[in-house]
Amino acid sequence: MTDSEATEFKQITRSFFEREWKEGFDIFYKAPTGEDKQFIKFAEFDPQDDSRLDSLFERENVDFYINESDLYKYYQFNILKHLLLELAEENLSAWEVFRMVYPVATRILQDYLEISASDTFLELLDEIPEVLAESVEQENPPFFELFTITRKENSIHTHCVNVGLYCLCLARELGMDLKSREEIVRGGMLADIGKKFIPEEVLFKKGELSEQERQFIRQHPAFGKKKLNELKRYSGTVLRMAAEHHENFDGTGYPAKISGKSISDAARICKIADVFNALTCRRSYREVMSAKQALMYMNKDLKAHFDPDLLTTFILYAVRQ
Ligand SMILES: [Fe+2]
């Protein structure tokens with residue numbers, strides 16, 4: 001198999017077809033070794049008639065693939081185009097904008113992270129931060145609405161988008177301007193992108209991690225910064241959010257153990273968003289917390305980890321009726 005062929009085709013599972021496809025696409029399978037072509041078209045998926053799918057997936061030892069360019073086009077011309085048109089036409093509240101953007105952003109990140117789609121997939125997210133940042137121009141949505149929109153799954157893609165939204169709303173509470181808010185939401189969504197390079201069996205391991213595994217996971221800020229830097233499309237704000245979102249205000253974080261205002265403003269915002277979302281989402285190693293429990297825990301047991309002014313602002317937003 002040539003490298004280009006291997007990266008163009010992405011393996012798909014049955015659940016891949018359960019999303020709302022408006023157009024069909026070709027399904028491929030991997031040819032036996034010795035054939036000229038490595039991937040051979042097997043069938044066309046028709047969203048109007050998916051009756052063949054179950055029998056297709058019942059076949060043993062056959063893996064199916066999609067050409068990545070089909071998937072990219074699906075997002076670009078189908079999903080995103082319609083989303084941006086709808087958002088431009090209507091006078092929507094921030095909560096409505098969040099609710100429309102959320103499933104699209106999470107799905108793009110899911111494909112980027114889970115089927116190892118190429119880095120060009122991140123470009124699909126380019127316009128989303130601006131739309132979100134504009135939506136809170138007048139005011140933030142009430143915190144309970146924001147909390148309801150953010151899904152509480154134990155997955156990286158929902159974590160990324162949740163963190164982006166919490167970062168945005170904290171930035172809005174702080175009175176940050178449109179451009180700054182845009183960078184904050186972009187950086188929040190991309191801060192954990194380095195987890196793409198950590199195997200799932202380590203990331204989602206049930207039970208205690210070995211010291212070696214812990215050290216490996218702790219490399220994700222550096223992996224993320226390196227990847228975003230290589231792409232040469234992201235600001236210093238975004239890069240520092242990836243690199244510094246696990247640093248603690250008291251200097252006990254990782255990887256650089258920097259403290260206080262040596263940690264960038266945006267990364268200190270991201271730290272609060274990241275921990276709050278982690279505590280309120282399902283994890284294999286502990287019970288999920290309510291918003292109130294998480295805020296109390298952050299303000300008591302973890303207090304030294306956060307910029308105190310930012311934490312106070314976040315809590316005041318959360319408790320405001
Ligand atoms: Fe992280």
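Buried, as used in these legends, means under 20% relative accessible area, with exposed over 50% and partly exposed in between (1.4 Å probe, protein chains only). The model is predicted, so that local features need pLDDT of at least 70 and side-chain atom pairs count only at pLDDT 80 or more, while totals for chains, interfaces and linings use all residues. Residues are numbered from 1 along each chain as its sequence is written, and side-chain values use heavy atoms, with hydrogens and water left out.

View 1. Helices (H or I, at least four residues) and strands (E, at least two) are DSSP runs, numbered from the N terminus. Of the 321 residues in the protein, 49% are buried.

**View 2. Helix H12 (residues 236–244) and its buried residues.** Val-238, Leu-239, Met-241, Ala-242, Ala-243 and Glu-244 are the buried residues of this helix. Those residues pack against helices H7 (156–173), H8 (178–190), H11 (220–231) and H13 (265–280), where contact means heavy atoms within 4.5 Å.

**View 3. The loop between H11 and H12, which holds Lys-232.** Although Lys-232 is not a glycine, its phi is positive, at about 55 degrees. Lys-232 counts as exposed because its relative accessibility is 71%.

**View 4. The loop between H12 and H13, in which Pro-255 is found.** A cis peptide bond, with omega about 0 degrees, joins Tyr-254 and Pro-255. Lys-257 is also found in the loop between H12 and H13, and this residue, although not a glycine, has a positive phi of about 55 degrees. With a relative accessibility of 54%, Lys-257 counts as exposed.
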